[in-house]
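Q: Could you walk me through this structure with me asking things as we go?

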Amino acid sequence: MAKLLAAVLLLCCAVQARALRAVSLLPSYTEIIFELGAGSDLVGVSNFCNWPPEAGRLEKTGDYLRPNIEKVYALEPDVVFTGAWAGASTGKQLSALGIKVVALPEERSVADILNTVRLIAAALGRKKEGEALARKLSALAPRPPAGEPVKLYIEVDAGGWTTGGLSFISDAARLAGGRNVFGGERRGFFQATWEETLLLDPEAALLFSVTEREFLSRPMAGTLAAVKAGRVITSLDRDAFTRPGPRLFGEIARLRSLLHGKN
Amino acid sequence: MGKISLLLGALAAACLFSLAAGPAGLAPDIIWNLRLPRTLAALAVGAGLGLAGAMFQGVLKNPLADPYILGTSAGATAAAVLCFLAGVERTSPVFFLAVFAGAFGATFLSYWLARLAGRLSDAALVLAGVAVSAFLSALVMLALTAARERSFSLFYFVLGGLYSAEPGVLAVSALIIAACGALAMARWRALDAMALGAEGAYHLGVSPERERALFFVFACAATSAAVALGGTIGFVGLMTPHIVRLLTGPSARSLLPAAALGGAALLTAADAAGRTLFSPAEIPAGVVMALAGAPFFMWLLWRGARGRA
Amino acid sequence: MPALKVSGLTFSYGPEPLIADLTFELRPGEFMCVLGPNGCGKSTLLRLLTGYLRSAAGSVRLGGEEAGAIEPARLARLAAYVASETATPYDFSVRDTVLLGRTARAGLWRGYSGADGEAADRALHETGITRLAGRSINTLSTGERQLAFIAQALAQEARLLLLDEPTSHLDLKYKAGIMDLLRRLAGRGLAVAAVLHEPALARLGCNKALLLRRGGAYAFGPASELITPAALAPVYGVPPDSPLLPK
C-alpha cells in the first residue's frame, strides 16, 4: 500500500515536473536550475543570465533590478523565481497577475546558497535532485583548510569596491582558507578607502575587475604583503565567484589551492 | 586683504584635514605617497571647477551658470565613458581632446538652445542645460548597460571621485587648469564688462562674441581637465563663486583667483570628509558635493525669486 | 569736422524699411534729441551709430572713420553709449561700475592706473554721485542708477555721447537734472544725442532735433524749428493743439 502511494506520488511529481514553465530573474537561479537538470523547464531568464551557454538562447525578461513584468506574464510561467535584488514590487506585481512567485531570501553565506538550491528544487518538484546537488556542492568546500587563514583583500569592482561580512563572498573566502580583511564590517558591498586597505595589509589580493598592472600602479601598492609575496590573484572567474550559484563551489576549491597549495 | 587671508586659511585648513585625517594616523609615508597625491588631485579638480563656474557666471551674466548645470560636465563625462569603452588610454592626448570636445559641444548646445528659445534669460539657460544634461546622462546610462563587465567602475567614475588619481592624468589636468586660469586672468576686465551683458560689453570696447567664445573654451577646458581627473562632480562651480564673491566682490580680477582657491578648498574638504566620515567605506566626493550643493542651489533659486518679487 | 556724420543710412528688420536714407550730422557742442513714436527706430538708430547693428546701406562716420570698420576697443573711445536700462546680477560698487568705462583705455589685463581713477572720480563728480561711490549698483534708485551709467559713459572720455531714453521711469526732478547735465556736457564740447520719450523734455537744452516717423520719413534741423506743435503733431499722430505737445 505504502509502495503504491509512493509510486502515485512520484508519478504526480514527475508529471508536474514535465508540465512546469519556469522563469528565473537572477543568473544564480538560472545556473542552479540547469544544474538540477531542469533547464528544459525554463522559458525565460534575465538579460544577465549567460551561463550555461544554453541559457543565452532563452527568452530574455530584462535586467534583474527591473524585470519586464509584461514580458514575464506573456511567457505564461507556472512559477517565477525572484530574489531580494529584484525588489519587493516585482513579486507583488507578478502575484497580482496570478503567477506563482517564489521569492528567495538573499544569500549571506555559502550555507544559504545550499538552502536556495533546496528551495528551488522543491518548487520544481525535484527535491531529490536538490538534496543530491546540495551534497555534491558542499563536498567541494566542506570546511576551511587547517592552518592559519590568509588575510585576503577582495576587490569585486575597480575603485575599491569590496564586500563586508554580510556577503556570501566573504564566507566563500573563509571556506577557501582566507579571511576577508573587511569581514568585520557589518555591510555587504561597499567602497573601501585605499588607505584602510593599505593599513590592513592583506597577504593576498583577489581581483575581479582591475588588472594586476592597474592594481600595482596604485600608490604604495608595492608595500602590501600580498604584492611582496606575489599573491595578486586575477585568475578566478568573476561571474562564477560573485554569483551565489553552483559554480562558486568550484571557484572556492580553486582559491583554496591558490592560497594553501594542493590538498 | 583680511578677506583673502581668510580664504587662504580655509584652503590651508582643508589641506591639513586632507593630509592628516585617515585610519593610518600621521604615518609619514602614507601622507607622502597616498594623501598628498590625492590632496593635489582634489585641489586641481576644485580649482578647475571653481574657475569654470566663475567664468560661466561672468561671461553669461547668469548667477545660476556652472559647468554642471550647463551640461559641460555631462558632455565631458559622456565623452570620457565612450573613451573608456573604446579602450582609449586615460593619459593619451586623444582622451583629453575627446573630453574637451564633449564638454564644449554640450555647453554650446545648451547656449544655442537657450538663445533659440528667445532671450538668453537665466531660466532659459538652466532649462536648456537640464535638457542637454538629461540626454547625455541617459546616453551614459545606455553605455553603462551595454558595458556589463566594467559598468561598476564606470558608474563610479560617473559618480565622481578621486579613489586613485593617476600621476600622469594629475599632471596634465593640473597644467591645463593652471593655463586656463592664467589665460582668463589675462582678460579679467572683459569678464567684468560681460557682466553688464553683451550690448553693455560691446559699448565698453569688448567684442562680446569673441569673449564668449574664448571664455567658453577656457571654462570647458578647465572643466574637462577636472572631469578627466575626478569624474562628474557638481555644484563646486556653482557654489564657489557665490561664496567667494561675498569676500572679494564681483570683479573678476579678484574673483577668478579667489574662485580657484575657494573651489580647491571646498573640494579638498569634501573629499577628505567623504574618505573619513564612514571609514573604512568611502563616499565619493561628487556625492558629498551634491549633498551640500543641491540645498545651496535651492537657496539661490529662492533668493532669486524673492529678489524679483 | 563733425563728431558724427550719417549719410544715406538704411536699415530694416523685415521687408518694411525702418530707417530709410537718413542723413544728418552732429558737431561738438551740439545736443540733439531724437523723437518719434514707439517703433519708429529710435533705439535701433543709436545701435546703428555705434556699429552694434550693421546697416543695409549708407555710412556712419565717427570722427571721420567708418563706424562699421572700427574695432570695439577703439569705438568705445570715440563714442559712449548709455542704454535705457542696464542690469547686472552682481553687486559692483558704483565706482567699480564707473571704472568699467575705462575698459577700452586700460586694456584687458592690467589694473586701473591713477589716470583711470581720476577719470572715474571726475565722472562721479560731474554727475553729482560722488557720495554714492561705495554703494552697490543694485541698491540705487532708478535715477541714481541712470546717473551711474552716464558717469560710466563719461569715464570713457569719448567725444560723442549717445543715450537711449535716459529719463524714462524717472521722476520730474531727475528728468530735469539729467537734461541739465547733458546740456552742460554739450556746453563743454561733447556731441550729445539722446532718444527722448517726451517731446516736452527737448525744450530743456536741446539745440538740434531729429524727428523720426514710422516707415523711414524723418526731419532734421535746429530744435527751435522742429520742437513746435506744428512739426510734432504729424510725427506722433495727435492734433496740433494737444496738451501733450510743447507749445
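Q: How many residues of chain C are in contact with chain B?
A: On the chain C side 22 residues are in contact with 22 residues of chain B, where a contact means that two C-beta atoms, placed from the backbone, lie within 7 Å. This is a predicted model, in which local features need pLDDT of at least 70 and side-chain atom pairs count only at pLDDT 80 or more, while totals for chains, interfaces and linings use all residues. Residues are numbered from 1 along each chain as its sequence is written, and chains are lettered from A and ligands numbered from 1 in the order in which they are written.

Q: New topic: how many residues does the largest nonpolar core have?
A: The largest nonpolar core has 260 residues, and those with the most contacts inside it include B:Leu51, B:Met55 and C:Val34. Such a core is a set of buried Ala, Val, Leu, Ile, Met, Phe, Trp, Tyr and Cys residues joined through C-beta atoms within 7 Å, and a residue is buried if 20 or more other C-beta atoms lie within 10 Å of its own, exposed if 12 or fewer, and partly exposed in between.

Q: Which helix gives the largest share of this core?
A: Helix H2 (residues 28-59) of chain B does, with 16 residues. Domain 1 (17-140) and domain 2 (150-260) of chain A both give residues to this core as well, so the core lies between them; these bounds come from an automatic or database domain assignment.

Q: What does B:Met55 touch?
A: Leaving out residues up to four places away in sequence, B:Met55 touches B:Ala184, B:Leu191, B:Phe215, B:Phe218 and B:Ala219.

Q: Back to those two domains of chain A, how far apart are their C-alpha centres?
A: The C-alpha centres of domain 1 and domain 2 of chain A lie 28 Å apart, and 15 residues of domain 1 are in contact with 17 residues of domain 2. On the side of domain 1 that touches domain 2, the largest share, 5 residues, comes from H2(A).

Q: Where is the cis peptide bond?
A: A cis peptide bond joins A:Trp51 and A:Pro52, with omega about -10°, and A:Pro52 is found in the loop between strand E2 (42-45) and strand E3 (59-60) of chain A.

Q: Last one, is B:Phe235 buried or exposed?
A: B:Phe235 counts as buried because it has 27 C-beta neighbours inside 10 Å. Phi of B:Phe235 is near 75°, a positive value in a residue other than glycine, and B:Phe235 is found in the loop between helix H10 (208-230) and helix H11 (236-248) of chain B.

How values were computed
Helix = DSSP H or I, 4+ residues; strand = E, 2+ residues; numbered from the N terminus.
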